[in-house]
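Have the sequence and the coordinates open side by side.

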Amino acid sequence: MKTLVVIAHPNSHESGLQSFLKESCASLSSVEIYDIQEELSTFDLVKTQELLKKQDRIIFQFPMYWYAAPDILYKWLEKVLTTSLYKDALKDKELGIVINMGQKLSSFQAGASEHFTISELLRPFQAIAYKCQMIYLTPFPIALFSYLKENDKKQLLINYQHYLTKEKDSRFSVRENWAIKRLVELEQKQVIKDEENRLSSIRDALEENRLELDSLLMTLEEMRDE
């Protein structure tokens, strides 16, 4: 699974959230970052389109400005989405959206202060996905990042990494396998100081729980066949 994160931010270097998300990707070998602003001065259409063609999943990542993406993303799309690209080259690839906003998620619903859901506001990107024959993923919203506590940020990091690298199957067992795989990668790369072997302890606990879950599922299957 190869994933390209396309950052559309007018000044990503000054964004605490974008820095946090970039650092969250650092240990993911299958994820590549493409920052539109950084690429502006050396933009090469053919090279950019070839980069998109190589991916299994493409993520547009941006802050919400007046219920839409920053215009830097639309200008980039106007250059990149030529007929030759959107007609066949992106077919069956996945398109995901990581969007952050300065309001609570509960504000984005009928009857609340913003009246519309995040999914409704992102309809243009869903339309682009369908036009390109892509698979549109459920958006990944991040609300009020600067107010998150440390534990909430840790949970956000895990959820974000999962969103970038997860397989299409979202069952609990698949998410559990993903977590075990990430722990093994972190152990092998030694990106975390783990003198007390906490990573291996967590992995062992997950694997034991998975065995118990598999056993339970087998029992359920047997009961169903009786």
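Is Asn159 buried or exposed, or partly exposed? Asn159 is partly exposed, because its relative accessible area is 26% and the buried class ends under 20%. Keep in mind that this is a predicted model. Asn159 belongs to helix α8.

Now the overall inventory. The protein has 226 residues, and 39% of them are buried. Its secondary structure consists of 10 helices and six strands. Take the contacts with a sequence separation of 6 or more: 73% of them join residues 24 or more positions apart.

Start the residue tour with Ser12. This serine sits in the loop that links β1 (3-7) and α1 (16-25). Ser12 has a relative accessibility of 1%, so it counts as buried. What is Ser12 in contact with, once neighbours within four places in sequence are left aside? The list is Ile7, Gln18, Ser19, Lys22, Asp35 and Gln37.

His115 is not a glycine, yet its phi is positive, about 70°. His115 is placed in the loop between β4 (94-101) and α6 (118-121). With a relative accessible area of 49%, His115 is partly exposed; the exposed class would need over 50%. Leu144 is the other case. Its phi is also positive, near 50°, in a residue other than glycine. Leu144 occupies the loop between β6 (140-143) and α8 (150-165). Its relative accessibility is 23%, so Leu144 counts as partly exposed.

Next, helix packing. Where do α3 and α4 stand relative to each other? Helix α3 covers residues 45-53 and helix α4 covers residues 71-80. Their axes come within 10 Å and cross at roughly 95°. The two helices are therefore roughly perpendicular to each other. On the α3 side, the contact uses Leu45, Thr48, Gln49 and Leu52. On the α4 side, Trp76, Lys79 and Val80 meet them. By class, this contact holds four nonpolar residues, two polar residues and one charged residue.

Asp44 lies in the loop between α2 (36-39) and α3. Its relative accessible area is 36%, so Asp44 is partly exposed. The C-alpha atoms of Asp44 and Val80 are 9.6 Å apart, although 36 residues separate the pair along the chain.

How many cavities of 30 Å³ or more does the structure hold? There is one. The largest cavity contains about 90 Å³ of space. Val80 is part of its lining, along with Leu52, Ile58, Phe60, Trp76, Leu77, Leu81, Leu90, Leu95, Ile128, Cys132 and Met134. Two or more lining residues come from each of β3 (57-63) and α4. Helix α4 supplies the largest share of the lining, three residues. Leu52, Trp76 and Val80, named in this lining, also take part in the contact of α3 with α4.

Finish with open space, at the second largest pocket. This pocket has a volume of about 240 Å³. Its lining comprises 13 residues. Ser30, Thr165, Trp178, Lys181 and Glu185 lie nearest the centre of the pocket. Which helix gives the largest share of the lining? Helix α9 (residues 172-189) does, with six residues. The classes in this lining are four nonpolar, four polar and five charged.

Key
Residues are numbered from 1 along each chain as its sequence is written. This is a predicted model: local features need pLDDT of at least 70, side-chain atom pairs count only at pLDDT 80 or more; totals for chains, interfaces and linings use all residues. Side-chain values use heavy atoms; hydrogens and water are left out. On a 1 Å grid over the protein atoms alone, a cavity is a set of points where a 1.4 Å probe fits but cannot get out, and a pocket is an open set with protein on both sides within 12 Å along at least five of seven lines; lining residues have an atom within 4 Å of a point. Grid points are joined across faces, edges and corners, and a volume is the space filled by probe spheres set on the points. Helices (H or I, at least four residues) and strands (E, at least two) are DSSP runs, numbered from the N terminus. Ala, Val, Leu, Ile, Met, Phe, Trp, Tyr, Cys and Pro count as nonpolar, Asp, Glu, Lys and Arg as charged, and the others, Gly among them, as polar. Axes are lines fitted to C-alpha atoms, for helices over the stretch in contact, and angles run from 0 to 180 degrees between N-to-C directions. Angles under 35 degrees count as roughly parallel, over 145 as roughly antiparallel, 65 to 115 as roughly perpendicular and the rest as oblique. Contact means heavy atoms within 4.5 Å. Buried means under 20% relative accessible area, exposed over 50%, partly exposed in between (1.4 Å probe, protein chains only).
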